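Dear colleague,

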Amino acid sequence: MTVHHLMLFFHVLGVAVWVGGMAFAWGCLRPAAKQLPPAQRLPLWAASFSRFFPLVWAAVALITLSGIFMLLETGFARAPRAWHAMLLTGAVMIGVFASIWFGPWARLQRAVRVEDWASAAVALNAIGQRVAFNLALGVVTIAVATLGLAL
């Protein structure tokens, strides 16, 4: 095993945690939670995100550090175009996640704490829209990584 293989493992692991978690939240938890009244649904989401979002930060660190290592190892000029595309889409995804963390996530936590279900629902909707965008961008990034090496 080489350091490159280890970095590739960390990179894919980070992607699996982040994109897989978004896929689960969007495709499984969201439809199931819609069945619950706001006083149950919104604390469920807050509790779920309080566990998932630290994992996303860890995934962001793994993806960023391993990606930079592999890019520097190969050289920016010699790196496949798909790697440059992944760098761009990954940066956008990190920005979107940061906008969730510092915006509606903070508002959701506050609103759930004081049982302001209307404000919590607005914050959750904003998070959901951004997660949907990031999930779509994550799938595009995976496609670029696996199918786009000839770009």
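**Overall findings**

The protein has an accessible surface of about 8,500 Å², and carbon and sulfur atoms hold 73% of that area. Accessible areas come from the Shrake-Rupley method with a 1.4 Å probe, and for residues only the protein chains shown count as cover. This is a predicted model, in which local features need pLDDT of at least 70 and side-chain atom pairs count only at pLDDT 80 or more, while totals for chains, interfaces and linings use all residues. Residues are numbered from 1 along each chain as its sequence is written, and side-chain values use heavy atoms, with hydrogens and water left out.

The protein contains five helices and zero strands, in the order α-α-α-α-α from the N terminus. Helices (H or I, at least four residues) and strands (E, at least two) are DSSP runs, numbered from the N terminus. Along the principal axes, the C-alpha trace spans about 55 × 25 × 25 Å. Of the 151 residues, 37% count as buried; the classes are buried (under 20% relative accessible area), exposed (over 50%) and partly exposed (in between), with a 1.4 Å probe and protein chains only. Among contacts (heavy atoms within 4.5 Å) with a separation of 6 or more, 77% join residues 24 or more positions apart.

**Nonpolar patch and helix α1**

M1, L6, F9, L13, V17 and L55 make a nonpolar surface patch of about 590 Å². Patches are made of residues with over 30% relative accessible area and no salt bridge, where like charges are joined within 9 Å and nonpolar side chains (Val, Leu, Ile, Met, Phe, Trp, Tyr) within 5 Å. Helix α1, residues 3-33, gives the most to this patch, with four residues. L13 lies in α1 and counts as partly exposed because its relative accessibility is 34%.

**R41 in helix α2**

R41 belongs to helix α2, residues 38-74. R41 is buried yet has no salt bridge, and the nearest side chain of opposite charge, that of D116, is 12 Å away. A salt bridge here is a side-chain nitrogen of Lys or Arg within 4 Å of a carboxyl oxygen of Asp or Glu; Lys and Arg count as positive and Asp and Glu as negative, with His and the chain ends not counted. A polar atom of the R41 side chain lies 2.8 Å from the backbone oxygen of L36. Neighbours within four places in sequence aside, R41 is in contact with A33, K34 and L36.

In helix α4, residues 104-113, the buried residues are P104, W105, A106, L108, A111 and V112. Their cover includes α2, α3 (81-102) and α5. E115 is placed in the loop between α4 and α5. Its phi is near 60 degrees, a positive value in a residue other than glycine. E115 counts as exposed because its relative accessible area is 57%.

**Helix α5**

Which residues does N134 contact, leaving aside its neighbours within four places in sequence? They are W18, M22, V92, M93, V96 and F97. N134 lies in helix α5, residues 117-147, and is buried, with a relative accessible area of 1%. A145 is also found in α5; this residue is partly exposed, at 27% relative accessible area. A145 and V96 are 49 residues apart in sequence, and their C-alpha atoms are 20 Å apart in space.

With kind regards

Note on methods: A polar contact is a pair of N or O atoms within 3.5 Å; within protein, one must be able to donate a hydrogen and the other to accept it, and residues adjacent in sequence count only if both atoms are side-chain atoms.
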